[in-house]
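This report concerns a ligand site, the pockets and selected backbone features. Please consult the sequence and structure shown here.

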Amino acid sequence: MDEKILVTRSSMPDIDEYMEEIRPLWDSRWLTNSGVKHQQLEKELCKYLGVTNTALCVNGHQALECILETLDLKGEVITTPFTFVSTTNAIVRRGLTPVFCDINDRDFTIDVTKIESLITDKTCAIMPVHVYGNVCDNDAIEKIAQKYNLKVIYDAAHAFGVRLDGQGVATLGDASMFSFHATKVFHCVEGGAAVFRDDANYTKINYCKSFGMTGPEDLSFTGGNSKMNEFCAAMGLCNLRHIDEAIASRGEAAKRYRERLSNIDGIQLSTQRLDVKSNFAYFPIVVNTEQFGFTRDDIMDELAKNNIGARRYFYPLTSSVASFGGKYSADDTPVAKRISERVMCLPLYEDLSIENVDRICDIILKLKNR
Ligand code: T4K
């Protein structure tokens, strides 16, 4: 049997580099609560992302919840259902109401022409997703947000390192959340970060992520615990040193996929914007059965038979998950529904070899010709 290939594989720093990074923790015994590594990583991330504040959190999901808490939002949030369930869960868990907007069928981000019709007097924010690292139409979103006085919070879980017109995507919107989960382009094992346009929110989110404590014995509100520990921050410091190589290597694999799978009848690739420098976070393909001759799930099965684990990111739509008890309808977002029934992500990670990309493409193309 050929080597098993999964949808992704964590990038790892050299083990000695990590050991050196964590060695001082044995002397200091300061393991969490905004330690030296945590502070250093926040500083280095500000530099890398081109922003003036970065609040590290235990994971991306908690960062999103903390952003909503920090901005003290109430009411309805316009978002898309074509995402990982974390986006919608964060809205609901903060007592807000998600209002689902459709996506465009080119890069699967929010369809900006459909936002305005969803705005009511209860709308407080728009939470678009830079899904797969594809950048949302920020200019159009900002215009709408300004017209109706709404906050813009980007779920940028997939977009670490992505640049638009040479500028980091963390500078867009009122706030952005990045995920530093083990499966992401840049990771801290588990982790995430919140970035705000307004630096004053950095102080507030630090209270939110530490029980609402504004001083050793002062609790001004009921916060939770979303702090990142020193071992995760140390992993982030190591991985950040190698991020450019990691992205470049992913880019080579993505380029090969594009060479092999562009212009194949029945396979749609996500469009690439000329003004965007990608991080190559995911490689989604949309399978149109009528032209391809087989379904998305047929391709998944064929890959699985060959020890290759592709994934249905993102199916089902978050509006259709059982936990919402049928409260929302996938039919309200027909493009998102159609894409989610046809999309799959092919394996993509830093050390995925070109030979293995070819192996995956060969299986797909052989199936088409069967
Ligand atoms: N918003 C969006 C748009 C997101 O996509 C996510 C997370 C979030 C918010 C929330 O951010 P976090 O709170 O997670 O920081 C994975 C990830 O757990 C999740 O972070 C990610 N999105 C989501 C899209 O994918 P699963 O359930 O698919 O992961 P799992 O365990 O099946 O792993 C997938 C593959 O990754 C495995 O086949 C092998 C590889 N892997 C996995 C782990 C756990 C590794 O190489 N190393 C590992 O440690 O959710």
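The sections below treat the basis of the model, the ligand, the pockets and the backbone in turn.

## Basis of the values

The model is predicted, and local features need pLDDT of at least 70, side-chain atom pairs count only at pLDDT 80 or more, and totals for chains, interfaces and linings use all residues. Residues are numbered from 1 along each chain as its sequence is written, and side-chain values use heavy atoms, with hydrogens and water left out.

## The ligand and its shell

The shell around the ligand holds 26 residues, of which Asp155, His158, Ser179, Arg311 and Tyr313 come nearest; a residue is near a molecule if one of its heavy atoms lies within 4 Å of it. By class, the shell comprises nine nonpolar, 13 polar and four charged residues. Here Ala, Val, Leu, Ile, Met, Phe, Trp, Tyr, Cys and Pro count as nonpolar, Asp, Glu, Lys and Arg as charged, and the others, Gly among them, as polar.

Polar contacts (pairs of N or O atoms within 3.5 Å) involve several side chains. A polar side-chain atom of Tyr313 is 2.5 Å from an oxygen atom of the ligand. Ser10 places a polar side-chain atom 2.9 Å from a ligand nitrogen atom, and an N or O atom in the side chain of Lys184 lies 2.9 Å from a nitrogen atom of the ligand. On its own the ligand has 920 Å² of accessible area, of which the protein covers 75%; the area comes from the Shrake-Rupley method with a 1.4 Å probe.

## The largest pocket

The ligand sits in the largest pocket, in that more than half of its atoms lie within 2 Å of the grid points of the pocket. A pocket is an open set of points on a 1 Å grid over the protein atoms alone, where a 1.4 Å probe fits, with protein on both sides within 12 Å along at least five of seven lines; lining residues have an atom within 4 Å of a point. This pocket contains about 460 Å³ of space, the volume being that filled by probe spheres set on the points.

Its lining consists of 28 residues, and Phe84, Ser179, His181, Thr183 and Lys184 lie nearest the centre. The lining divides into 13 nonpolar, 11 polar and four charged residues. At least two lining residues come from each of H3, H4, S8 and strand S15 (343–346), where helices (H or I, at least four residues) and strands (E, at least two) are DSSP runs numbered from the N terminus.

## The second largest pocket

The second largest pocket holds about 350 Å³ of space. It is lined by 21 residues, with Asn134, Arg258, Thr271, Gln272 and Ser278 closest to its centre. Helix H8 (243–261) and strand S14 (283–287) each give two or more residues to this lining, and H8 provides the largest share, four residues. The lining comprises 10 nonpolar, seven polar and four charged residues.

## Backbone features

The peptide bond from Tyr313 to Phe314 is cis, with omega near 10°, and Phe314 belongs to the loop between helix H10 (296–305) and helix H11 (334–342). Another cis peptide bond joins Tyr315 and Pro316, with omega about -5°; Pro316 is in the loop between H10 and H11.

Tyr132, a residue other than glycine, has a positive phi near 60°. Tyr132 lies in the loop between strand S4 (123–127) and helix H5 (138–148).

How values were computed:
A polar contact is a pair of N or O atoms within 3.5 Å; within protein, one must be able to donate a hydrogen and the other to accept it, and residues adjacent in sequence count only if both atoms are side-chain atoms.
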